[in-house]
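Biologist: Before I trust any labels, can you walk me through how you assign them? Here's the model I'd like to talk about.

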Amino acid sequence: MLSGGQPWIAGGYALVAEAVRQLRGEAGDHQVKGSRTALVSGFGGGLGYNATIGTCAAMILQRRTP
């Protein structure tokens, strides 16, 4: 489930990996030209027997320019 990117069930690392590919210029046909900053956000949680737990997080990645 770590790579699923499903809302509520599992946030996943697929979104982080895609952001890194965009910043490196390695995203192929869906490359955003000139991308220097990426925002990755996720919402996850779990449904317990008697409780609901939710979490959210955001990460900002920026490409370093030599």
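Modeller: Let's start with Ser41, which is partly exposed at a relative accessible area of 49%. Bear in mind that this is a predicted model, where local features need pLDDT of at least 70, side-chain atom pairs count only at pLDDT 80 or more, and totals for chains, interfaces and linings use all residues. Residues are numbered from 1 along each chain as its sequence is written, and side-chain values use heavy atoms, leaving out hydrogens and water.

Biologist: Why is Ser41 called partly exposed?

Modeller: Buried means under 20% relative accessible area and exposed means over 50%, with partly exposed in between (1.4 Å probe, protein chains only). Ser41 has 49%, so it gets the in-between label.

Biologist: And what makes Ser35 count as buried?

Modeller: Its relative accessibility is 16%, which is under 20%, so Ser35 counts as buried.

Biologist: What does Ser35 touch, leaving out residues up to four places away in sequence?

Modeller: Gln22, Leu23 and Arg63, where contact means heavy atoms within 4.5 Å. On that basis, Ser41 touches Leu15, Ala57 and Ala58, again not counting residues up to four places away in sequence.
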